[in-house]
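Please look at the sequence and the structure before reading on.

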Amino acid sequence: MPKSSTQKTEKAIEELSYEEALAELEEIVSALESEQNQLEESIKLFERGQALAARCGVLLEAAQLKVKQVAGDDVLPFEEESE
Amino acid sequence: MQPTLFSTQQWTVSRLTFYIRKLLEENEILQDVWVQGEISNLSRPASGHVYFTLKDSSAALKCVMWKTSASRLGIALQDGMEVEVHGRIGIYEVSGQYQLYADQIRSVGEGALYQEFLRLKSMLEAEGLFAPERKRPIPAFPHKIGIVTSATGAALRDMLNTLRRRLPLVEVILAPSPVQGTEAPPALVKALQSPILQSSDVIILARGGGSIEDLWAFNDERVVRAVAMSAVPVICGVGHETDFTLSDFAADLRAPTPTAAAELATQITIQDLAATVSNLQSRLFSATLNLVAEKKTALSSLRAQLRYVSPDRRIQSEHQRVDDLARRAFSSLYHHTQLQFAHVKGMQKRLEALSPLAVLARGYAVVTRKDDGSVVSRVAQASDEMKVRVSDGEFEVKHSR
């Protein structure tokens, strides 16, 4: 992975959405699989990859369906009837 | 008219009934009729067959529907219900009664609706609204799913439960709309065209099961066109498996039920996502382990190379050279020494031959004065005390005059 892009995408992990975390994880894995990296750089990538995988896991665990309702030009939260 | 007393043809009741039956059954119109009337005297005995009378203001028709047809009926029959019945006219010979053997019953209006359905379908089909090449793929992993359905129906609850189970990461935007009655078609169109809904990744248009009249809004030309024109792919899940509406044909994907529509909208489930993450995680591990192993291999091969070019070898060979030289130096020195030794030995022998001591051995002696050590070779030189040297040593003598 080129250094500049690592730096560019290096947002705080707990702020990443699932898609962002997954995309970066995929990028890191293929970088580790295909490119020759400095050992130190590789270890950093590995650690970030681990953290990203954990972030994805947390987001999947915590995911809750968000339901909104169109009301004219607005969107309001939708209250489901309880059974 | 007077009866013919002596007819040539003798009839029995059975033969006559059989004859009438043949007449009726050979008539094509009577074998394939739709009859409209009101149901009365409805009876459903344990046999499962259904008996009723179809009547209007001035006539009545006995009807029977066998169990196999009755079990396929889409509507619940009731006395007083205005229906259209399809079947064939036959004779029940036991009571000499003609009756309608029914195989289909539909509510009045359904027939007209069906005609309208076929007319609209062929018209829109001719326009190319249902063409396969118009169908767009449904995104495999949507972020936003738009739903157009009744806010209060079981269909919505089923869909939300399905989405919650399969992909709770998704955001649902509901555009509620009545799904039956005259207000339904314009409301459905408005919901489908809502800009907020059109910003989603896929739209589900859904309604739970019902009669053909209940589902009719989904055959409305305005609704069908709105489905076809949607900028976002539409999945249509209206009614049950066997119900087809024109919206189904116009949609990018037809689902047999609302629940199935929610499933088709979420091809990738949260289980798939979790599997993807753990797969990536194990690839992350093995890639890193491989990398470290590679580095180790590279290191040990460098080490081997380093050993090869190491000055150790040079030093060893220098050692050997030094040893060699030392050995050669020693042996040459030894040789030289031996030569010298032999030479000295020879000189010694010659010296010995010349030595005055050899004369002494023959019995001569050397006399020296004790006081000054000078040799006495003449009598005048003799002193009182002198030393006499013989071959094996010396002794002193006193001179007596």
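## Terms and basis

A residue is called buried under 20% relative accessible area, exposed over 50% and partly exposed in between, with a 1.4 Å probe and protein chains only. The model is predicted: local features need pLDDT of at least 70, side-chain atom pairs count only at pLDDT 80 or more, and totals for chains, interfaces and linings use all residues. Residues are numbered from 1 along each chain as its sequence is written, chains are lettered from A and ligands numbered from 1 in the order written, and side-chain values use heavy atoms, without hydrogens and water.

## Aromatic pairs

Over all chains there are 8 aromatic pairs. Rings of Phe, Tyr and Trp (its six-membered ring) pair if their centres lie within 6.5 Å; planes under 30 degrees apart are stacked, over 60 edge-to-face and the rest tilted. The ring centres of Phe46(A) and Phe285(B) are 5.2 Å apart with planes at 75 degrees, so this pair is edge-to-face. It joins two chains, because Phe46(A) belongs to helix H3 (residues 39-62) of chain A and Phe285(B) to helix H9 (residues 270-308) of chain B. Helices are DSSP runs (H or I, at least four residues), numbered from the N terminus. Phe46(A) is buried at 17% relative accessibility, whereas Phe285(B) is partly exposed at 38%.

Phe330(B) and Tyr334(B) are stacked, 6.5 Å centre to centre with 20 degrees between the planes. Both lie in helix H10 (residues 311-354) of chain B, 4 residues apart, about one turn of the helix. Phe330(B) is exposed, at 58% relative accessibility.

## A cluster and charges over rings

Phe130(B), Phe244(B) and Phe249(B) are linked into a cluster by ring pairs. Over the ring of Phe244(B) sits the charged end of Arg254(B), 3.8 Å from the ring centre. Such a placement requires NZ of Lys or CZ of Arg within 6 Å of the ring centre and within 35 degrees of the ring normal. Arg106(B) lies over the face of Trp34(B), 3.7 Å from the ring centre.
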